[in-house]
Amino acid sequence: MTHETTGIPPLARRIPGYFTLSNTHESTREHILLQEERRLERTRIARELHDTLLQGLLSASMQLQVAEGWVPADSPAKPLLSRVRNLMRKGIDEGRAALQGLRCDDAPATSLEQALADFQDELPPADRARLRIAKMGCPKPVDPGVLQQIFLITREALLNSLRHSQAKKIEVEIKYSPRKLRVTVRDNGTGIDPQLLHSGRKSHWGLTVMRERAANIGAHLRIWSKPKAGTQVELSLPLQIAQGPSRPTSL
């Protein structure tokens, strides 16, 4: 009788493990399905934007170029038409960059540092010279889906600095601590209008999307800015979240 009952306590201790393993498998499966759903939605939006908005801008730009050629060189309208065409070209280039980000299926490169280095290499020489990327601490593995969102938030902050801040120096600092990952983008530019920064205006999609992406991955986003004193965007999240759902272990 004693022999029959001695195995019960170890078995009782193992029973919760079965439920924990099942929950871990379910959590991982839901996480993968969610990432796939997001990928499909980004692809759909990118395709619709390409087929409608971007193609329309390209067609209008070509027509405008033809019209500009018909206008005499000494016409007062000539510089205006040229300026409008340049603005349209810039909008098309930015639209293509946005589409490229939407079509990104996987996490960029193999690490955040590598993704940002690739981004820097794609910049014009003048912009490349303004940007410095620094890493602190020992890199930790990051869940691919979380890594992608961190990269997109960081890239948006960098594009804002490069396009709008007139900054001479822009720095990205990636800091790994034992419990936290922190990414900071700072510049010495003109800063962001305080009313725009704190009003939560939905028309400023860059700031809005950054905040939404951070909230979706459980990260804290802090944006500090002052006119003529630069801007700092700081993203931080616990490594436990950054590393995603725990991988199931075998019994």
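This is a predicted model: local features need pLDDT of at least 70, side-chain atom pairs count only at pLDDT 80 or more; totals for chains, interfaces and linings use all residues.
I looked up Arg186 to start with. Arg186 counts as partly exposed, because its relative accessible area is 25%, and the cut-offs are under 20% for buried, over 50% for exposed and partly exposed in between, with a 1.4 Å probe and protein chains only.

Residues are numbered from 1 along each chain as its sequence is written, and side-chain values use heavy atoms, with hydrogens and water left out.

Next I checked the partners of Arg186. Its side chain forms a salt bridge with Glu173, with the closest N and O atoms 3.9 Å apart; the term means a side-chain nitrogen of Lys or Arg within 4 Å of a carboxyl oxygen of Asp or Glu. Arg186 lies in strand E3 and Glu173 in strand E2, so this pair ties together parts that are 13 residues apart in sequence. (Strands, E, at least two residues, and helices, H or I, at least four, are DSSP runs numbered from the N terminus.) Is Glu173 buried or exposed? I found Glu173 buried, at a relative accessible area of 14%.

Then I turned to Glu171. Its side chain meets that of Arg186 in a salt bridge of 2.6 Å, N to O. Glu171 is in E2 and Arg186 in E3, so here the tied parts are 15 residues apart in sequence.

Glu171 also has a salt bridge with Arg132, at 2.1 Å, N to O. Arg132 sits in strand E1, so this pair ties E1 to E2 across 39 residues of sequence. I noted Arg132 as partly exposed, at 48% relative accessibility.

Which residues make up the salt-bridge network? I wrote down Arg132, Glu171, Glu173, Arg182 and Arg186. The structure holds six salt bridges.

Last, I went through the strands. E2 covers residues 170-176, and six of its seven residues are buried. E2 and E3 (residues 180-187) run antiparallel and are joined by seven bridges; two strands pair if DSSP finds at least two bridges between them. Ile170 stands opposite Asp187 in E3, and a hairpin of three residues joins E2 to E3.

On the E1 side, E1 (residues 131-136) and E2 run parallel, with six bridges. Met136 stands opposite Lys175 in E2.

One thing to keep in mind while looking at side chains: in a regular strand they alternate between the two faces of the sheet.
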